[in-house]
Amino acid sequence: MELRDQGTAIFLTTHNMEEATKLCDNVALLFQGEIVESGKPKEVCLKYNTSKAYKVLLNDGTQVELQNTKEDMQKLTDWLSADEVMTLHSTEPTLETVFLTVTGRELQ
């Protein structure tokens with residue numbers, strides 16, 4: 001990390017997508033010797049965020065998954081206004097999920 005922060009270019013080869021997400025400024029996903037996707041890890045993941053869903057944990061322990069619809073966003077707004085939301089998480093795919101998507105593989 002120190003070398004990277006000093007401006008040294010580092011080429012990392014890994015199958016560990018979590019590691020690549022944390023360490024790399026840019027990634028290139030290879031499949032059968034071809035680059036099938038490339039870019040900044042976060043941007044690549046957001047490109048494949050087709051569901052745009054949100055996981056909400058309410059103060060009473062209820063867990064809800066909301067879609068990006070007008071009705072669900074109104075629910076979220078109401079819960080936030082009433083201070084009923086304990087946690088809120090988006091559900092964009094991980095780099096591993098993107099790799100599996102662009103290569104036609106299934107999650108096991």
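Mentor: Helices here are DSSP runs of H or I with at least four residues, strands are runs of E with at least two, and both are numbered from the N terminus. The model is predicted, so local features need pLDDT of at least 70 and side-chain atom pairs count only at pLDDT 80 or more, while totals for chains, interfaces and linings use all residues. Residues are numbered from 1 along each chain as its sequence is written, and side-chain values use heavy atoms, with hydrogens and water left out.

Trainee: Where does K52 lie?

Mentor: K52 is in the loop between helix 3 (41–47) and strand 3.

Trainee: What makes K52 partly exposed?

Mentor: Its relative accessible area is 41%. Buried means under 20%, exposed means over 50%, and partly exposed is in between (1.4 Å probe, protein chains only). At 41%, K52 therefore counts as partly exposed.

Trainee: What is said of the phi of K52?

Mentor: Phi of K52 is near 45°, a positive value in a residue other than glycine.

Trainee: Which residues does K52 contact, leaving aside neighbours within four places in sequence?

Mentor: L66, Q67 and N68. Contact means heavy atoms within 4.5 Å. As for distance, the C-alpha atoms of K52 and P93 are separated by 9.7 Å, and these residues are 41 apart along the chain.

Trainee: Turn to helix 4. How do you know that its span is close to the expected one?

Mentor: Helix 4 (residues 70–81) has 12 residues and reaches 16 Å from its first C-alpha to its last. The expected span is 1.5 Å times one less than the number of residues. For helix 4 that gives 16 Å, and the model's span is close to this value.

Trainee: Which residues of helix 4 are buried?

Mentor: D72, L76 and W79.

Trainee: How do you know that they are on the same side of helix 4?

Mentor: They cover an arc of only 65° around the axis, which puts them on the same side. The arc is that of the directions from the helix axis to the C-beta atoms. An α-helix has 3.6 residues a turn, so residues three or four places apart point the same way.

Trainee: What do these buried residues pack against, and what does the opposite face carry?

Mentor: The buried residues pack against strand 3 (54–58), strand 4 (63–66) and strand 5 (85–90). The face turned away carries the exposed residues K70, E71 and S81.

Trainee: Why is D72 called buried?

Mentor: D72 has 12% relative accessibility, which is under the 20% limit, so D72 counts as buried. D72 touches L66 and Q67, not counting residues up to four places away in sequence.

Trainee: What makes D83 exposed?

Mentor: D83 has 59% relative accessibility, over the 50% limit, so D83 counts as exposed. D83 is found in the loop between helix 4 and strand 5. It has a positive phi of about 55° although it is not a glycine.

Trainee: What makes C45 buried?

Mentor: Its relative accessible area is 6%, under 20%, so C45 is buried. C45 is in helix 3. Not counting residues up to four places away in sequence, C45 touches P93, T94, L95 and V98.

Trainee: Which residues of helix 5 are buried, and what covers them?

Mentor: L95, V98 and L100 are buried. Their cover includes helix 2, strand 1 and helix 3.

Trainee: How much space lies in the largest pocket?

Mentor: About 740 Å³. On a 1 Å grid over the protein atoms alone, a pocket is an open set of points where a 1.4 Å probe fits, with protein on both sides within 12 Å along at least five of seven lines; lining residues have an atom within 4 Å of a point. Grid points are joined across faces, edges and corners, and the volume is the space filled by probe spheres set on them.

Trainee: Which lining residues are closest to the centre of the largest pocket?

Mentor: Of the 23 lining residues, L12, T13, T14, C24 and A28 are closest.

Trainee: Which element gives the most to that lining?

Mentor: Strand 1, with four residues. Helix 2 (17–23), strand 1 (27–31) and helix 5 (95–102) each supply at least two.
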